[in-house]
Amino acid sequence: MVQGCESPLIDPLARRAPQVSYRVTPTASVLAEAGTLAVFGFGQAAPHSDDPRYLRVPLEALDGPAPLELWQVDATVSSGQDGALRWSAGGGWLFAAIELDEDEHGGATTTAQLAYARLHQFVASRSEQHVLRVWNYLGAINHGDGDAERYKHFCEGRASGMGDFFAEGFPAATAIGHLGETPRLQVYLLACDRPGQRIENPRQVSAWCYPRQYGRTPPSFARAMSLPGGDALAISGTAAVVGHASAHQDDLDAQLGETMLNLDALLANAGMSSGFDSQSPLKAYVRHHADAARVREFLDARLPGVPVLMLHGDICRSELLFEIDGWRYA
Ligand code: 3EB
């Protein structure tokens with residue numbers, strides 16, 4: 001019998017989404033696991049490691065010691081470091097991170113500009129050209145009034161530093177204020193050699209269309225990104241924003257409920273079933289330490305069994321008390 005020569009049914013360019021999870025485990029053992037693309041520790045008690053795949057995020061966990069966050073891919077991972085920029089890559093996926101001291105780079109605007117320009121320059125040198133998701137953590141995010149607020153300076157620097165980085169459309173993103181040393185700006189991203197699909201929220205004005213009252217330069221992010229292959233949705237920081245306005249000022253419970261409605265609408269618009277499960281790691285950012293117990297109670301009731309890491313951070317509009325982001329696998 002002559003053997004056929006059919007081509008394999010597996011698409012060699014298919015990209016299975018990185019598996020994101022939280023785990024309480026020694027840093028060295030997860031870094032030793034095959035396919036570990038990135039590992040994150042949270043807060044001052046986080047372990048230290050010189051591995052370029054390991055990043056210490058300056059946000060404190062609000063209920064007990066934080067687990068590590070792991071990003072794992074089905075491939076061999078290589079990694080490196082170039083000054084303040086570190087990276088890792090494998091299987092078509094790229095992690096890159098930069099951390100800069102604003103005092104060394106002339107303030108919030110110019111530091112954001114430099115961070116984005118350097119990330120752009122680095123990603124441009126790689127085959128993983130499609131930036132899908134970005135996280136931004138800066139200090140004292142609500143410091144300053146009106147156009148002088150630091151978040152608005154950050155938005156201006158981000159927009160001018162990115163140049164044509166996101167010519168195909170903005171990535172999904174989070175921008176949160178950390179309570180660590182103010183001068184420290186941390187930006188990290190996930191990119192791929194295949195494009196994702198941007199998802200907006202029909203309940204919300206797209207952020208890049210926000211009116212002038214929110215600043216001279218509107219924020220540059222998509223509400224979510226469906227990863228290439230469509231097997232996971234990266235959800236941007238989502239808060240109680242309806243239209244372009246912040247809803248329910250000073251009402252935590254109402255902001256929590258409105259945020260859930262925004263998440264539902266986003267999942268529906270992405271063509272996904274509603275809800276989250278034990279495979280959907282989320283992060284909840286809480287402005288006031290005193291709200292932590294109430295937020296945990298709400299999350300346990302509304303998202304039972306869902307791993308939600310609750311972190312102490314400032315939301316980029318001072319009237320917002322809560323924001324959530326994370327992953328939903330198909
Ligand atoms: C909002 O909906 C809340 O500037 O990158 C959420 C996600 C928010 C990302 C960003 C800001 C950003 O406008 C704030």
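Around the ligand sit 13 residues, the closest being Tyr151, Arg158, Tyr210, Arg223 and Cys316; a residue counts here if one of its heavy atoms lies within 4 Å of the molecule. The model is predicted, so to speak from the record: local features need pLDDT of at least 70, side-chain atom pairs count only at pLDDT 80 or more, and totals for chains, interfaces and linings use all residues. Residues are numbered from 1 along each chain as its sequence is written, and side-chain values use heavy atoms, with hydrogens and water left out.

Two elements give two or more residues to the shell, namely α3 (150-162) and β10 (172-178); β10 gives the most, with three. Helices (H or I, at least four residues) and strands (E, at least two) are DSSP runs, numbered from the N terminus. By class, the shell has eight nonpolar, two polar and three charged residues, where Ala, Val, Leu, Ile, Met, Phe, Trp, Tyr, Cys and Pro count as nonpolar, Asp, Glu, Lys and Arg as charged, and the others, Gly among them, as polar.

Turning to another spot, glutamate 128 lies in the loop between α2 (108-124) and β9 (130-139). Glutamate 128 is buried, at 5% relative accessible area (buried means under 20%).

Notes:
Buried < 20%, exposed > 50% of the residue type's maximum accessible area, 1.4 Å probe, protein only.
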